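Thanks for sending this one over.

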Amino acid sequence: MNIDLEYYRIFYHVAKAGSFTQAGEELCISQPAVSQAMKLLENSLGSKLFVRIPKGVRLTPEGEVLFGY
């Protein structure tokens, strides 16, 4: 399981911001790059981390556990 630590950094920013777009702005990367990184992280972990809501995203129970670390 070789997951780039950058994915965890992006995950942290998305979770704090509640938005892929806002996290991308904070990290100076595009929203599609943020989405792709989160997709790769979710695939690597075998679990959904976010649920899309009308004004962004919220953490799933699995995402909340990961965010706790």
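1. At what angle do α1 and α2 pack, and how far apart are their axes? The angle is about 125°, and the axes lie 8 Å apart. Angles from 65 to 115 degrees would count as roughly perpendicular and those over 145 as roughly antiparallel, so α1 and α2 are oblique to each other. The crossing of α1 past α2 is right-handed. Please keep in mind throughout that this is a predicted model.

2. Which residues bring these two helices together? From α1 come Arg 9, Ile 10, His 13, Val 14 and Ala 17. They meet Phe 20, Gln 22, Ala 23, Glu 26 and Leu 27 in α2.

3. Now turn to α1 and helix α4, which covers residues 61-68. Their packing angle is about 115°, and their axes are 11 Å apart. That makes α1 roughly perpendicular to α4. Here α1 passes its partner α4 in a left-handed crossing. On the α1 side the contact is made by Tyr 8, Phe 11, Tyr 12, Ala 15 and Lys 16, and on the α4 side by Gly 63, Leu 66 and Phe 67.

4. Beyond its neighbours within four places in sequence, Phe 11 is in contact with Met 38, Leu 41, Leu 49, Phe 50, Leu 59, Gly 63, Leu 66 and Phe 67. Met 38 and Leu 41 are among the buried residues of α3, while Gly 63, Leu 66 and Phe 67 belong to the α4 side of the contact described above. As for Ala 23, twelve residues from Phe 11 along the chain, the two C-alpha atoms are separated by 8.8 Å.

5. After α3 comes Gly 46, with a positive phi near 70°.

6. Which residues of α3 are buried? They are Val 34, Ser 35, Ala 37, Met 38, Leu 41 and Glu 42. Around the axis they cover an arc of only 165°, which puts them on the same side of α3. Pro 32 and Asn 43, on the other side of α3, are exposed. The buried residues of α3 pack against α1 (5-17), α2 (20-27) and β1 (50-53).

7. Apart from neighbours within four places in sequence, Glu 42 is in contact with Ser 47, Lys 48, Leu 49 and Phe 50. Glu 42 and Val 14 are 28 residues apart in sequence, and 13 Å separates them in space, C-alpha to C-alpha.

8. Finally, a backbone detail. Cys 28 is not a glycine, yet its phi is positive, about 60°. Where does Cys 28 lie? This residue is in the loop between α2 and α3. Is Cys 28 buried or exposed? At 72% relative accessibility, Cys 28 counts as exposed.

Notes: Residues numbered from 1 in each chain as written. Predicted model: local features only at pLDDT ≥ 70, side-chain atom pairs only at ≥ 80, totals over all residues. Heavy atoms only, no water. Buried < 20%, exposed > 50% of the residue type's maximum accessible area, 1.4 Å probe, protein only. Helix = DSSP H or I, 4+ residues; strand = E, 2+ residues; numbered from the N terminus. Arc of directions from axis to C-beta. Contact = heavy atoms within 4.5 Å. Axes fitted to C-alpha atoms, helices over the stretch in contact; angles between N-to-C directions. Parallel < 35°, antiparallel > 145°, perpendicular 65-115°, else oblique. Left-handed = near helix turned anticlockwise from the far one by under 90°.
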